[in-house]
Structure formats: C-alpha cells, structure tokens
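Please look over the strand pairing, the core and the aromatic contacts of the chain below. The report takes them in that order.

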Amino acid sequence: MQKIGIISPTYNRPDFIRLLALQLENQDIRPDFVAFYQNGTPDSYEWAIKDIKHHYEYVWLHEKEKINQEEWYATPLEFLIKENCTHFFWCDHDDIYEASHIKKGIER
C-alpha cells in the first residue's frame, strides 16, 4: 500500500508555507504525511498553518540556527522514513503546484 510523504523546507516566509499547505489540501491525491521544516529563524511560525483543517498528518520541525545542507535534507526525510512512506516528494514553499502534481508524480 502506498504512503505519500512530502518534504517542505521553509525559511522566513509564513505566508508561503501557508499557501503550500493549502495547495496540498487541493491535490487530486493528497499526501499522507508532510514534514514542514523551518530552518534558521529563532521563532516558530507553525501558527501559519495551525488553523487549516489538514487531511494529512504533519510534523513541524524547527531549527533556530542555520544548519548544514546535509542535515537540512536528512532531518525531514528521516521522519518520512519512520512514517513508512513509500513515495517522497520535495515541495518548496515558494512554488505553485497544479492539483495533479502528486498524481502525475506517482504515475511517472
């Protein structure tokens, strides 16, 4: 059985991460688990997505200090692996995705 995981890094733009969270709700095939990863800012802005009725589970990871790039990629991926995801997608917080983004990715 497939389980879809999304990695989404975010830096200093709560407006962008909110738009991404809403885009994920509008997918033809929604993710099962999303790892939002805020890096390099002292205060968490998870508040930007808290009021959205998510149809997926998510974890908000927050590093107050900037970390090296290997950790930046590995940390959210570890969460998706622990959640037994079979498919992994990287969704930047500042991109616009069609509603068929995940569906087309799985078909490929």
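In which sense do S2 and S3 pair, and over how many bridges? They pair in the parallel sense, over seven bridges. The model is a predicted one.

**Strands**

S2 also pairs with S1. That pairing is parallel too and runs over six bridges. S1 has a further link to S4: the two run parallel and are joined by four bridges. Phe33 stands opposite Glu57 in S3. Phe33 is also the bridge partner in S2 of Gly5. Gly5 in turn stands opposite Phe88 in S4. Thr10 faces Gln38 in S2. Between S1 and S2 the chain passes through H1, and this β-α-β crossover is right-handed.

In a regular strand, side chains alternate between the two faces of the sheet. S2 can be read that way. Phe33, Ala35, Tyr37 and Asn39 point one way, while Val34, Phe36 and Gln38 point the other way. Are these residues buried or exposed? All are buried, so S2 is mostly covered, with seven of its seven residues buried.

S1 gives a like count: seven of its seven residues are buried. On one side are Ile4, Ile6, Ser8 and Thr10, and on the other Gly5, Ile7 and Pro9. Both faces of S1 are covered.

**Core**

Which residues have the most contacts inside the largest nonpolar core? They are Ile6, Ile17, Leu20, Phe36 and Ile49, in a core of 18 residues. Strand S1 (4–10), helix H1 (14–25), S2 and H2 each supply at least two of its residues. H1 gives the largest share, four residues. A second, separate core has eight residues, including Ile7, Ala35, Leu61 and Leu80.

Ile6 reaches well along the sequence. Leaving aside neighbours within four places, its contacts include Leu24, Pro31, Phe33, Leu80, Phe89 and Ile102.

Asn39 sits in strand S2. Its relative accessible area is 7%, under the 20% limit, so Asn39 counts as buried. Beyond four places in sequence, Asn39 touches Thr10, Tyr11, Glu63, Glu65, Lys66, Ile67 and Trp72.

Tyr56 lies in the loop between H2 and S3. Tyr56 is buried because its relative accessibility is 7%, below the 20% cut-off. Not counting residues up to four places away, Tyr56 touches Ala21, Leu24, Glu25, Pro31, Asp32, Phe33, Val34 and Phe36.

**Aromatic pairs**

How many aromatic pairs does a search of the whole structure find? The search finds four. Two of them are set out here.

| Pair | Geometry | Centre to centre | Between planes |
|---|---|---|---|
| Tyr45 and Trp60 | edge-to-face | 5.8 Å | 70° |
| Tyr73 and Trp90 | edge-to-face | 5.1 Å | 65° |

Each pair links distant parts of the chain. Tyr45 is in the loop between strand S2 (33–39) and helix H2 (47–50), and Trp60 is in strand S3 (residues 57–63), 15 residues apart. Tyr73 belongs to helix H3 (residues 69–82) and Trp90 to strand S4 (residues 87–90), 17 residues apart.

Tyr45 is buried, with a relative accessible area of 5%. Trp60 is buried at 12%. Tyr73, by contrast, is partly exposed at 35%, and Trp90 is partly exposed at 33%. The values for Tyr73 and Trp90 fall between the 20% and 50% limits, so neither residue counts as buried or as exposed.

Tyr45 and Trp60 also belong to one aromatic cluster with Phe36 and Tyr58.

**Charges over rings**

Arg13 lies over Phe16, at 3.9 Å from the ring centre. Lys82 lies over Phe79, at 5.9 Å from the ring centre.

Conventions. Residues numbered from 1 in each chain as written. Predicted model: local features only at pLDDT ≥ 70, side-chain atom pairs only at ≥ 80, totals over all residues. Heavy atoms only, no water. Phe/Tyr/Trp six-rings, centres within 6.5 Å; stacked < 30°, edge-to-face > 60°. Buried < 20%, exposed > 50% of the residue type's maximum accessible area, 1.4 Å probe, protein only. Lys NZ or Arg CZ within 6 Å of the ring centre and 35° of its normal. Core = buried A, V, L, I, M, F, W, Y, C linked by side-chain atoms within 4.5 Å. Contact = heavy atoms within 4.5 Å. Pairing = 2+ DSSP bridges. Right-handed = clockwise from strand over helix to strand, strands pointing away.
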